[in-house]
Amino acid sequence: MTELASAPPAGKRRLPYKVMIEPRLKEPPRWYPPLVSFGAILVALILGGVVISLAGGDPIRSYLHIARASFGNSGVISDTLVKATPLILVGLACAVAFRMRLWNIGAEGQFFMGALGASTVVLVPLLPAEASPWLFIPTMMAAGMLFGAFWGFIPGFLKARFNVNEIITTLMLNYIAVAFVNFFIFAVWSEGGFQMSPMFPRTAWLPRLTDYARQVPFFGGLTTHLGMLLGLIAAVVVWFILYRSRWGYEIRLIGDNPKAARYAGLNISRNIVLVMMFSGALAGLAGMSEITGVVHRLQGAISPGYGFTGIIIAWLAKLNPFAVVLVSVLFGALILAGREIQPSGVPKMIQGIILVCLIASDFFLRYQVRLVRQGVEV
Amino acid sequence: MLRIVKTFPGVLANDHVDFDLRMGEIHALLGENGAGKSTLMNVLAGLYRPESGTILINGKPVSLHSPNDAIKAGIGMVHQHFMLVPSLTVTENILLGLDKPVFRLRLNEYHRIMGELGERYGLRVDPRAKIWQLSVGEQQRVEILKMLYRGVQVLIMDEPTAVLAPTEIESLFETLRAMVAQGKSIIFISHKLQEVMAIANRVTVMRKGKVTASGIPTVETDREALACQMVGREVLFRLDKKPCDPGDVVLSVEEVHAENDKGLPALRGVSLHVRSGEIVGLAGVAGNGQRELADVITGLRPSANGQVLLNGETVSNKTPLFGIRRGLAHIPEDRTHVGSSPNLSVTDNVIMKKYRQAPISHGILLDMAAATEFAKELKEAYDIIVPDVETPVRLLSGGNLQRVILAREISGQPAFMVAMQPTRGLDVGAIEGVHRLLLAQRSAGAAILLVSEELEELLSLSDRVYVIYEGRIMGEIRDGSIETIGLMMTGTTLDEIKKQAETRQER
């Protein structure tokens, strides 16, 4: 039990109440954690509003503007979803690894490798440009996931075999992956001296809603692509693996207590490698989806740090695959609104405040706060 | 120290304990684990406040509120677990927390001072060395130096030999003698009779929070008498136990050698066997190789030499899964860190060893409905008190958690089970429940190796008892003579005891 309000020395006037903070001994009810998160976001928006008004802006108008810019009409909602798509996949990649307490900081590098892998299909080329999309898309998905998985395998193997800290290796491999991609776009596949590959053939593009505008006029101009569906499917698959499969049980057991896992006869080393590969494959799929759904060519600036945002998303979602989808959409909206209002600044600040508030709100899940009348012994 | 009383929730750790220390003596405090030795000394070192009782130093009552108070009064304690900063040097560690030097460190001068201080008491250690570079024995010397530099007159050593190699023990004893020769007094906490007889001038024995022998000069007593006072001679409570009907040998351990976590030899040629339908006890003071033996049997620790056979098949130096598949159950010593996964639910915890088989799993898929059903069955059958089986086990009481673990291990219908301290920390009702479950397993024909520090429990449950000391089996007892076990637990082999008895008879 901790006393927050330090008791004033005897003789001085005392507050009639003191705040008692004690660790929770019982699990809070099911509705409590979402309520706390919601409260945290509310507090964050109020704090953000204070800052906006201090800067001379009108907080309510700013918020309305952000809301309109990211959810105002079908067009911007679609744009929000496009932004959310890679975030969902990297968020899931991080969530899977973190669930086993494997600190994969390398989703960014695995994302780039996934993009590179998908590009090889078009650019080597493994498939002729006139091949059917039914062949192209699965092949590119497989290549992207394979490359990402390989980039996850390296740190996984090093950790399992030599106990090398995966934080360091995954972080460093990010830079190698970016440099690797750069090599190909500068030297091998550069188009007319520009640092980018030639445009992919239409058959290698992920179908977008706007491609079906002829059949459904409402879809005109909507750029949401198949990657969104892949992200949703991935979330279901990850949930299913974690909570309904033997492997997921092993991941959860190792993550919670590796000693108990060893005692129960689990092969921890093998799982380290497999989980890192799975995580890498998801991040690789994100890279594949981004270049085949949005960019349509391999180039340098394909990620504004998606891999790192994925870490934050995984934590904010408390490693829950479905929550990853929700948080990713929220982040997608903030990224989009950022472009609307100003290049940087307010949306980034709001992002930061939300993050801090959500992390701080964890306190209320682990402790309960009570007001106690002075002098009453508990 | 007069009439010291200290209670912990549910435990009377010190029950009106008297203790006196003379200047220039080594006074040993002897007792089993949990006898209250460390508690008493923590009171003296200012770490605990007693409920009642007084401490007199040179006839004057003092009140010690903190370790600092104790050090000012000239009392310092070297704990079992050292309190040193690994990345700092010896000198820096010794100076840590002192008022001087105020700002400038003048390390060279202090290096010299520390060197001289060490020289005086035969505590050889390089003042410039960093702590992490030092062996455990050297680190202990630093702890002693720390206390000497603070000018303590009374040094309390809490089981100082537990972590040391034999040669290091000898040099520690030399240091202690040198300190006594220069007028300091030492309290030596131990449960090893040999050491006590070798180093102490007088000895006080504690048992269950009470003093059973107060300040006897070691020259006037012998090991048998001390062993008796240490383990006591209480009437054993008899359990409702059917006569033993042992079958074939299920587990046999043959000449097993293994190292502990620090890389020191922990098992030096252990051999024993357990037959089906019998409970075999393994007695011994904690840290004499019991945990390592359980680890080797269950495949968690490699054995350097020798082997463990389960129904004729080698299970040592295989994976833990190898043993689990062959009906090897294990109730680990550490319920929360090894035996269970705290944030996972009761369901997830009971399927820990079953999730690979139907009906819990079908191929790669887990049937959560079947798992929940299984958990509910166990909850009913083993009286696990929990609102529902989705509750994380970290919220369970010790007794309930132990029932979860027992339920999991027993429900696998094991051929053999190692039970490590299965009742430690449980209340009377829970203990009885565990005992009944173990006996039911015995009737069902399982072979059980029971490791416990509770001698009474061991004797009342077991059909035979092996005694382990420093990684060796001292002998096997069938008649349940607690005095003999007590002697063996402190390092006398059964053969030696018999020989002594014979010579006595001849006389």
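Q: How many residues does the contact take from chain A and from chain B?
A: Let's start where the two chains of this predicted model meet. Both chains contribute to the contact, and the numbers are 17 residues from chain A and 28 residues from chain B.

Q: Which helix gives the most to the side of chain A that touches chain B?
A: Two helices of chain A, α8 (246–256) and α9 (258–263), each supply at least two residues of the side that touches chain B. By kind, the residues of this side of chain A divide into six nonpolar, three polar and eight charged. The helix that gives the most, with six residues, is α8(A).

Q: Is α10(A) largely enclosed by the rest of the structure or largely open?
A: Helix α10 of chain A covers residues 268–295 and reaches 39 Å from its first C-alpha to its last, close to the expected 40 Å. After the helix comes A:H296, with a positive phi near 65°. Because 23 of its 28 residues are buried, α10(A) is largely enclosed.

Q: How far apart are the end C-alpha atoms of helix α4 of chain B?
A: This helix holds 15 residues, 107–121, and at 1.5 Å a residue they should span 21 Å. The model agrees with that expectation, since the distance between the end C-alpha atoms is 21 Å.

Q: Where do the buried residues of α4(B) lie, on the same side or on opposite sides?
A: The buried residues here are B:Y110, B:M114, B:G118 and B:Y121. They cover an arc of only 75° around the axis, so they sit on the same side of α4(B).

Q: Which exposed residues does the face of α4(B) turned away from its buried side carry?
A: The buried side has B:Y110, B:M114, B:G118 and B:Y121. The face turned away from the buried side carries the exposed residues B:N108, B:E109, B:E116, B:E119 and B:R120.

Q: Which are the edge strands of the open sheet in chain B?
A: Six strands form this sheet, in the order β16-β19-β20-β13-β21-β22, with mixed pairing. From one strand to the next, the twist averages 20°. An edge strand here pairs on one side only, and the two that do so are β16 (328–331) and β22 (472–477).

Q: Which residue in β19(B) does B:L328 stand opposite?
A: Strand β16(B) runs parallel to β19 (residues 416–420) of chain B, and four bridges join them. Opposite B:L328 stands B:F416.

Q: At about what angle does helix α9 of chain B run to β19(B)?
A: This helix, residues 290–298, lies across β13, β16, β19, β20 and β21 of chain B. Its angle to β19(B) is about 155°.

Conventions: Residues numbered from 1 in each chain as written. Chains lettered and ligands numbered in written order. Predicted model: local features only at pLDDT ≥ 70, side-chain atom pairs only at ≥ 80, totals over all residues. Expected span 1.5 Å × (residues − 1). Buried ≥ 20, exposed ≤ 12 C-beta atoms within 10 Å, placed from the backbone. Arc of directions from axis to C-beta. Contact = placed C-beta atoms within 7 Å. Nonpolar A, V, L, I, M, F, W, Y, C, P; charged D, E, K, R; others polar. Pairing = 2+ DSSP bridges. Axes fitted to C-alpha atoms, helices over the stretch in contact; angles between N-to-C directions.
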